[in-house]
Amino acid sequence: MSETIMSTLEENRSFNPPQGHKGHISSLDEYFSIHEQFKSDFDGTWRTLAHEHLSWSEPFTRVLDRSKAPFFRWFDGGKLNLSENCLDRHVEAGLGDRTAIIWEAEAGEVRRISYQELLDDVCKAANVIKEIGVEAGDRVIIYMPMIPEAAIAMLACARIGAIHSVVFGAFSPQALHDRIQDAEAKLVITADGGGRRGGIHAMKPGVDEALSGTCLSVQHVLVVRHAGNAIEWNAGRDIDWHQALKFQPAVCPPLAVDSEHPLFILYTSGSTGKPKGILHSTAGYLLWASLTMRWSFDFRPESDLFWCTADIGWITGHTYSVYGPLANGGTTVMYEGVPTYPDPGRLWKICADHGVTIFYTAPTAIRALKKAGDEWPNKHDLSSLRVLGTVGEPINPEAWMWYHDVIGKTRCPIVDTWWQTETGGHMIAPLPFATPTKPGSATLALPGIDVEVVDEHGKPVSEGGGMLVIRQPWPAMLRGIWGDDQRYIDTYWKKFDGRYYFAGDGARKDKDGYIWFMGRVDDVLNVSGHRLGTMEIESALASHPAVAEAAVVGRPDELKGEAICAFVVLKCKPGDKLIAELRVHVAREIGPIAKPDDIRFANSLPKTRSGKIMRRLLRDIAAGRDITSDISTLEDQSVVLQLQQPGKA
Ligand code: WT7
């Protein structure tokens with residue numbers, strides 16, 4: 001738990017929602033009355049919302065089946081198709097000419113894709129994927145830059161009932177390989193490369209490398225030629241996206257699937273073991289993606305221009321760059337490039353050029369752009385903005401205030417959204433035109449969501465901190481971990497005997513019932529809003545021939561939220577270049593985001609009598625704080641002194 005986060009506990013500023021605009025939920029009274037509706041008729045309220053917001057091929061017969069808890073089933077008996085809900089129904093309603101996606105490349109090229117064009121391309125892509133032999137239920141890996149074809153690929157999978165698994169484009173070939181293996185994917189969809197910092201980030205070679213080992217399940221690779229970098233072509237396996245789409249009809253009947261049909265797998269880090277494939281299903285996920293767009297952002301599809309800066313490799317990109325905006329028939333912005341290229345005004349320029357009205361990004365980006373100076377946002381006309389969102393980690397009040405004052409000119413509500421890959425969509429967030437906000441608090445649970453802060457025994461804690469739990473199922477909840485039911489139960493439900501969903505976050509409730517997040521209570525790190533398991537980084541380090549043992553902890557970092565600090569025991573004497581080599585090694589195993597910021601060597605790691613690494617001690621050492629752990633039982637106390645010496649990265 002970092003100091004910057006703890007400082008939020010003393011925060012007592014409060015901001016009333018802007019006046020003069022009626023939000024989808026327009027007052028706290030209305031908010032509480034919807035909560036009451038859920039309380040008095042949980043199933044009935046969800047039933048009404050599911051009828052109102054989704055278009056069904058066959059109506060569902062049951063709202064929620066709890067009989068196999070914690071494997072909950074929503075909207076059983078119903079059939080629908082997600083791509084039909086995101087595309088066909090809008091085109092049929094006469095919105096074919098409305099822009100679905102505005103895409104901007106780093107070099108400045110802009111593409112506007114209408115709903116009709118998007119539907120045509122999704123149908124063509126779906127036909128190609130079908131012809132390749134992919135059937136409903138088969139897994140498809142999507143490893144792509146932020147280009148419209150990535151969204152088209154996702155929607156095309158959904159159209160034929162294939163399960164997509166998007167792998168973040170900056171993950172290493174090794175990480176890609178592991179995910180392909182775990183999902184037993186039949187097809188990989190990729191691009192030659194993507195634009196990044198004025199150059200090209202090659203992607204297809206990474207796929208070739210990932211497939212060079214034992215990924216026997218993959219039969220074909222569909223390649224979008226986009227960046228123009230030279231690539232090797234594996235004839236017989238590789239298929240050119242544009243060539244293949246060219247000859248397909250722009251018609252592909254959407255497959256009506258069961259409500260609970262799996263929609264996607266998205267891998268995320270846990271405190272133990274390999275990344276886990278979080279499984280989401282169709283109807284409940286889409287309903288919540290669609291609803292939260294309206295509730296948390298007050299989204300108006302006919303007049304808003306919505307921009308979520310997240311990459312589609314993360315859940316935020318799934319729910320709020322693609323599915324949420326499109327389910328509502330709105331317009332979403334996609335940007336392929338880095339936020340600070342060619343200068344730190346780039347995001348603000350895009351907002352001004354296109355007239356973005358709702359902007360959604362991460363605290364780490366806000367802190368970096370704040371540091372770059374007010375002159376950058378001040379160069380651009382940001383008057384179109386009306387709602388500002390944040391996600392991924394607790395936002396420190398300083399960053400919140402800057403976002404509020406300098407970007408929103410005190411006019412725009414700040415919507416701090418707490419949720420997880422597992423929750424599918426927002427869970428705790430202010431309603432922009434109803435909930436007073438406090439800098440650093442995600443405020444209150446959304447309607448229909450039942451959260452509590454509890455102690456070790458599951459008892460609500462009125463004062464002080466505790467753990468966040470969710471007490472009732474919700475439609476977009478994960479349906480499991482791909483291929484590992486037991487791990488699903490152990491990770492989320494065991495802690496409170498199957499009664500509550502355990503989120504893994506430390507939190508505190510203030511006198512108004514507002515929730516303040518205080519960081520993870522498990523061994524999961526949050527580095528620039530990216531979730532990483534300490535174990536993953538430790539195993540990556542341990543796979544280097546020079547390393548005997550490694551322990552990884554987080555330490556507070558002004559920009560990244562948390563930085564990665566690794567304590568390493570070597571098999572040999574450290575050479576000059578070893579620190580740099582270990583960092584490169586971790587990047588190769590996982591991806592550049594997992595590179596330790598700080599590596600320290602010692603003869604041994606501090607362990608308890610039972611052989612457990614003393615992580616709290618390591619966290620104190622990493623942060624340069626006074627040591628709060630009892631080290632009297634340590635066999636070799638000199639190791640503490642050794643570990644306090646920072647290495648040079
Ligand atoms: C973890 C989930 C949900 C999309 C992005 C991250 C942290 C997320 C907030 C917030 C405080 C937050 C939590 C959570 N987190 N949003 N607004 N305030 N903490 O998804 O990679 O699944 O990570 O991110 O620790 O458990 P994820």
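**Ground rules**

I number residues from 1 along each chain as its sequence is written. Since the model is predicted, I take local features only at pLDDT of at least 70 and side-chain atom pairs only at pLDDT 80 or more, while totals for chains, interfaces and linings use all residues, and side-chain values use heavy atoms, with hydrogens and water left out.

**Entry: ligand site**

Helices (H or I, at least four residues) and strands (E, at least two) are DSSP runs, numbered from the N terminus.

Next I listed N and O distances to the ligand. A backbone N or O atom of Thr 417 is 2.7 Å from a ligand nitrogen atom, and a backbone N or O atom of Gly 392 is 3.1 Å from a ligand nitrogen atom. From Gln 420, a polar side-chain atom lies 2.9 Å from an oxygen atom of the ligand. The ligand taken alone exposes 560 Å², of which the protein buries 95%. Accessible areas are Shrake-Rupley values with a 1.4 Å probe; for residues, only the protein chains shown count as cover.

I checked α5 (residues 115–132) for length. Its 18 residues reach 26 Å from first C-alpha to last, close to the 26 Å expected at 1.5 Å a residue; the expected span is 1.5 Å times one less than the number of residues. Buried here means under 20% relative accessible area, exposed over 50%, and partly exposed in between (1.4 Å probe, protein chains only). Among the buried residues of α5 are Tyr 115, Leu 118, Cys 123, Asn 127 and Ile 132. Just after α5, Gly 133 has a positive phi of about 110 degrees.

In α7 (residues 173–183) I found Pro 173, Ala 175, Leu 176, His 177, Arg 179, Ile 180 and Ala 183 buried. Their cover includes β6 (139–143), β8 (187–191), α8 (204–211), β14 (262–268) and α18 (578–589).

I noted a cis peptide bond between Ala 69 and Pro 70, with omega about 5 degrees. Pro 70 sits in the loop between β1 (62–65) and β2 (73–76). Another cis bond joins Tyr 341 and Pro 342, with omega about -5 degrees; Pro 342 is in the loop between β17 (331–336) and α12 (346–354).

Phe 75, a residue other than glycine, has a positive phi near 60 degrees. Phe 75 belongs to strand β2 and is buried, at 0% relative accessible area. Thr 410 also has a positive phi, near 60 degrees. Thr 410 lies in the loop between α15 (397–407) and β20 and counts as exposed because its relative accessible area is 53%.

His 164 is in strand β7 (residues 163–166) and is buried, at 0%. Which residues does His 164 contact, leaving aside neighbours within four places in sequence? I listed Val 140, Ile 142, Met 154, Cys 157, Leu 263, Phe 264, Ile 265, His 318 and Tyr 323, where contact means heavy atoms within 4.5 Å.

Arg 237 is in the loop between β11 (220–224) and β12 (238–240). I count Arg 237 as buried because its relative accessible area is 14%. Its side chain makes polar contacts with the side chains of Asp 208 at 2.6 Å and Asp 238 at 2.8 Å. A polar contact is a pair of N or O atoms within 3.5 Å; within protein, one must be able to donate a hydrogen and the other to accept it, and residues adjacent in sequence count only if both atoms are side-chain atoms.
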